[in-house]
Amino acid sequence: MDRMTSTPSTQSPQYVLALDQGTSSSRAILFDHAGNVVRIAQREFRQYYPHPGHVEHDPYEIWQSQLAVAHEVLGDANVSGSQLRAIGITNQRETTVLWDRKTGEPVGRALVWQDRRTAPMCEDLQAAGHGDTFQRKTGLIIDAYFSGTKLRWMLDHYDGARARAERGELAFGTVDSWLIWQLTDGARHVTDVSNASRTLLFNIHDFRWDDELLGILDIPRSLLPEVVPSSGHVARTSARLFGVEVPIAGIAGDQQAATFGQACLKPGMAKNTYGTGCFILMNTGNQPVTSRNRLITTIGWQIGQDTQYCLEGGVFMGGATIQWLRDGLKLIHSAPEVDPLARQCDDTGGVVLVPAFAGLGAPHWDPFARGTLVGITRGTGGPHIARAALESIALQSVDVLDAMQKDAGISLAELRVDGGASRSDLLMQMQADLLGTPVVRPRVTETTALGAAYLAGLATGYWTDPGEIARQWQVEQRFEPKLSADARAHRIARWHRAVDRARDWARDGNDSAT
């Protein structure tokens, strides 16, 4: 994949288009040379829940919604395809798509990263002693979260899929691969190193699909896409889509893209994206750091021959905890109402919420944990529960960041934040207090799309080098910790007591009362 250079046009303004394909919606964002958002378009698409623990998407709905917002944002901004220097793609990671190479038809619905149907398969792989092999080669733990076991399930359960795969008729990809296939009319079947590193199939040390891991999971190599750097000229779109062939020059999984967009370009710099879940990544430089605290080692991005690695921890219930207050408890009508409600009290009154509604992520990795609300008295009211919900988001992030600092041997100087819930000043102050480290919110919070745009723009000469990108990053607000060390330690210890009570609750496989 060659890097491109080109001279900016003097005839009309030039832009970079980021395609941000997320779990619940597809977005397109147009950026100018200053890294400012020019226009945004967004369209939600349907979620399928055929059985408990199963989460699916229709690949065509993903593609159609993504193409529609791309056209919408260009139309709203009155920008033509000839004004696009490049397209950058960022995507929900791990979500697994399988399609026919000849017709482009999906074999079935995509299995979403949230889908837990392969948890028993993962337990069997662990019991067979494969855990160390997968972690050593991929940096990942064996979990249903990642693509490898999802692909194995699709081959075994979609009618005729395995036989077709063995004949070389099918293609596998994460969402970035599926979009590029569509954008190029099937001319290119590729993924970048950041997305490949989330599959359980990719060796992050020598940058190749690993035959031993493919053998363990019984996955034919012919299914797999070509792996390319995150920044470089991958392909050109079909001219029928935008009137001209536009370079596709940047690809990164959403959380790696956000880390790049936050300009966390040096070892020890970290960001937390507060979305449905919380995703925390710390740049560890050119060498992968093996976690001793149940975190994930992943590729951040690759530009030319330079590869940056990250430590990652995921919190399953971030903004989704606020959604539960709205949809489950009916304490609020909309997410922005949680701050005023929580401010009606000065503390939680001893109430602790552990929002393990779908188990606990890093560093606990307990699929059998369940949500727990402890410390309730007759004096407990809605404001206490709302405040405990916000604290739970911050406390889960503290657990991950403490593990990261131990693994990396680096003390965090500041935490850069983005995502919808980062707009909550109360939550950000709680995060600074409970972490004991400044929390910094940037002026441009569309960091996921911005990261993809930066990677594409670097490849096409729109931006010169990562240093220019770092200089564009600007602070909107800085939250300094105000809580004493003793008070912080007390709250964290109380939180860990509550987590212990939530652990292993659903081990018998029956969450209902008997």
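Burial, cavities and helix packing: reasons for the labels

Visitor: Why is V444 called buried?
Guide: V444 has a relative accessible area of 15%. Buried means under 20% relative accessible area, exposed over 50% and partly exposed in between, with a 1.4 Å probe and protein chains only, so V444 is buried.

Visitor: What are the ground rules for these values?
Guide: The model is predicted, so local features need pLDDT of at least 70 and side-chain atom pairs count only at pLDDT 80 or more, while totals for chains, interfaces and linings use all residues. Residues are numbered from 1 along each chain as its sequence is written, and side-chain values use heavy atoms, with hydrogens and water left out.

Visitor: Where is V444, and what does it touch?
Guide: V444 is in the loop between β22 (439–442) and α15 (447–459); helices (H or I, at least four residues) and strands (E, at least two) are DSSP runs, numbered from the N terminus. Neighbours within four places in sequence aside, V444 contacts G35, N36 and L450, where contact means heavy atoms within 4.5 Å.

Visitor: What makes a space a cavity?
Guide: On a 1 Å grid over the protein atoms alone, a cavity is a set of points where a 1.4 Å probe fits but cannot get out.

Visitor: How do you know which residues line the largest cavity?
Guide: Lining residues have an atom within 4 Å of a point. Those of the largest cavity are A34, G35, G261, P442, R443, V444, L450, Y454, Q472, W473 and Q474. Ala, Val, Leu, Ile, Met, Phe, Trp, Tyr, Cys and Pro count as nonpolar, Asp, Glu, Lys and Arg as charged, and the others, Gly among them, as polar. The lining therefore divides into six nonpolar, four polar and one charged residues.

Visitor: Why is helix α10 called largely enclosed?
Guide: α10 spans residues 254–261, and eight of its eight residues are buried, so the rest of the structure largely encloses it. Among them are D254, Q255 and F260.

Visitor: What describes the packing of α1 and α6?
Guide: α1 (residues 59–77) and α6 (residues 175–183) pack at about 65°, with axes 10 Å apart. Axes are lines fitted to C-alpha atoms, for helices over the stretch in contact, and angles run from 0 to 180 degrees between N-to-C directions. P59, Y60, I62, W63 and Q66 in α1 meet V175, W178, L179, Q182 and L183 in α6. The residues of this contact comprise eight nonpolar, two polar and no charged.

Visitor: Are N78 and E94 buried or exposed, and how do you know?
Guide: N78 has 70% relative accessibility, so it counts as exposed. E94 has a relative accessible area of 1%, so it is buried.

How values were computed. On a 1 Å grid over the protein atoms alone, a cavity is a set of points where a 1.4 Å probe fits but cannot get out, and a pocket is an open set with protein on both sides within 12 Å along at least five of seven lines; lining residues have an atom within 4 Å of a point.
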